[in-house]
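Subject: Structure for you to look at

Hello,

I am passing on the structure we talked about. My notes on it follow below the model.

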Amino acid sequence: MPEFAKRMKNMEKSAAVIAGLFQNGTDPDIISFGIGAPAREALPIDLVREIAADVFTDGKRGAEALQYAKPQGLQDLREVVAEQLLAPKGVPARAEDILIVSGGMECMNLICQVFIDPGDTILVEAPTFVHSVETFDMFQANCAAVETDEDGIVLEDLEEKIRRLHPKMVYVVPTFQNPSGKTLSLERRKRVAELGSQYDVVILEDDPYRDLRYSGEELPPIKSFDRTGHTVLANSFSKIFSPGSRLGYIYAAQDIIQKLLDAKSATNSHAPAISQVLCAEFFKRGYFESHLRRIREIHRERRDVMMECLEKFFPEGTKWVYPDGGLFTWVELPGNINTTELLKEAVAHKVSFVAGEGFFTEGGGKGQNCMRLGFSAVPPEKIRIGMERLGRLIQSKLG
């Protein structure tokens, strides 16, 4: 057997964590809080069926949906992104500065293709979204952790590490962060954009959860404060339309978009045309606003039930994040409970979660008493059952 590429060794640790995320999510006997997916009830099945029936009527968009498309993505879908998703959030985007990609994770892949050489440093939050770290590892980047607190990434530590480590990129999930559920404050958003310009560093803003807000005040993207083109905004249709559509988008300065187009055409030519047509029609027909209200209601109820269960079933001394939106909460257990070991026992009790240690790139046992709990994919009655099981197991460890 020929020797595997060095990148495969580089990404072994993060790839193992990602494999674990999906391990228990498909077993119907296990109540899984490890899944980062929207509720089944939040999928617009009837609307997509209606759109598809019309699209594939003679003389409509059937041929366009089944044919090759332009690498940058369908014009009307890029206009939807600019007019319905970005402009209301204070980002005056043009369709020509938007690239449609094959799911949110392809954003990270393409950005790395354009900017990252082996050995480059990427600053990430502690904890951070491990799936993106897997991509960074594949490109043989060095991920360096930046401290976070209740308001997100700590600016003093971020600037110190920019000065000392000279990173090529800073990766941040500012809104209902994965895995912590925390939201970066307004003042810190402004300063992160400024630091990118000041030190000539790419700020990769990954913001797929921002529309899933259930409480609190909406905050503008970091990109809205960018004056020099150093911030690249990555987003996804997975949480607000369909994960299975595999659609996302990147909004960036035109010189970056042109390089991304080269990387995109060399990777897979274009995002799925069928998905693009269905998604564009979904928005153009005015379905998005009512759909968004509905999915917020579904996920808000599940968030509230999980918060109630943490208070009711988990032991005294447990700390957790009350997320204003998104799909997750972050829990820190009292005592010396190792959640990686706890997970093995939890699965035997027919409940699962994601152990916290894998979300910290710095290692050293950080996060070993933490867990990410996802509430979005679990119905309220099952949240109560699963959280009671998990709470009893944790209580037993504390004697």
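A compact globule of 399 residues would have a radius of gyration near 21 Å, and this chain has 21 Å, which agrees. Please keep in mind that the model is predicted. The C-alpha trace spans about 65 × 55 × 50 Å along its principal axes. Of the 399 residues in the chain, 57% are buried. Taking contacts between residues at least 6 apart in sequence, 75% join residues at least 24 apart. The secondary structure comprises 14 helices and 15 strands.

Helix pairs

I looked at two packed pairs. Two packed helices are described by the angle between their axes and the distance between the axes.

The crossing of α3 and α11 is right-handed. On the α3 side the contact is made by L47, V48, I51, A52 and V55, and on the α11 side by V277, L278, E281 and F282. Sorted by class, the contact of α3 with α11 has 8 nonpolar residues, 1 charged residue and no polar ones.

The second pair is α6 (residues 104-115) with α10 (residues 254-267), whose axes come within 9 Å and cross at roughly 110°. These two helices are therefore also roughly perpendicular to each other. From α6 the contact takes in E106, L110, I111, Q113, V114 and F115; from α10 it takes in I256, K259, L260, A263, K264 and T267. The contact of α6 with α10 has 7 nonpolar, 2 polar and 3 charged residues.

A buried phenylalanine

F136 sits in helix α7 (residues 130-138). Its relative accessible area is 0%; buried means under 20%, so F136 counts as buried. Leaving aside neighbours within four places in sequence, F136 is in contact with M108, C112, I122, V124, A141, C143, M169 and Y171. Between F136 and K168 there are 12 Å, C-alpha to C-alpha, for a sequence separation of 32 residues.

Backbone points to check

One runs from A126 to P127, with omega near 5°; P127 is in the loop between β3 (121-125) and α7. The other joins N178 and P179, with omega about 20°, and P179 lies in the loop between β7 (169-172) and α9 (186-199).

Two residues other than glycine have positive phi. For Q140, phi is near 60°. Q140 lies in the loop between α7 and β4 (142-146) and is partly exposed, with a relative accessible area of 26%. For D200, phi is about 55°. D200 is in the loop between α9 and β8 (202-206), and at 61% relative accessibility D200 counts as exposed.

Those are my notes.

Regards

Notes
Residues are numbered from 1 along each chain as its sequence is written. This is a predicted model: local features need pLDDT of at least 70, side-chain atom pairs count only at pLDDT 80 or more; totals for chains, interfaces and linings use all residues. Side-chain values use heavy atoms; hydrogens and water are left out. A crossing is left-handed if the near helix is turned anticlockwise from the far one by less than a right angle, and right-handed if clockwise. Helices (H or I, at least four residues) and strands (E, at least two) are DSSP runs, numbered from the N terminus. Contact means heavy atoms within 4.5 Å. Ala, Val, Leu, Ile, Met, Phe, Trp, Tyr, Cys and Pro count as nonpolar, Asp, Glu, Lys and Arg as charged, and the others, Gly among them, as polar. The radius of gyration is taken over C-alpha atoms; the globule rule is 2.2 Å times the number of residues to the power 0.38. Buried means under 20% relative accessible area, exposed over 50%, partly exposed in between (1.4 Å probe, protein chains only). Axes are lines fitted to C-alpha atoms, for helices over the stretch in contact, and angles run from 0 to 180 degrees between N-to-C directions. Angles under 35 degrees count as roughly parallel, over 145 as roughly antiparallel, 65 to 115 as roughly perpendicular and the rest as oblique.
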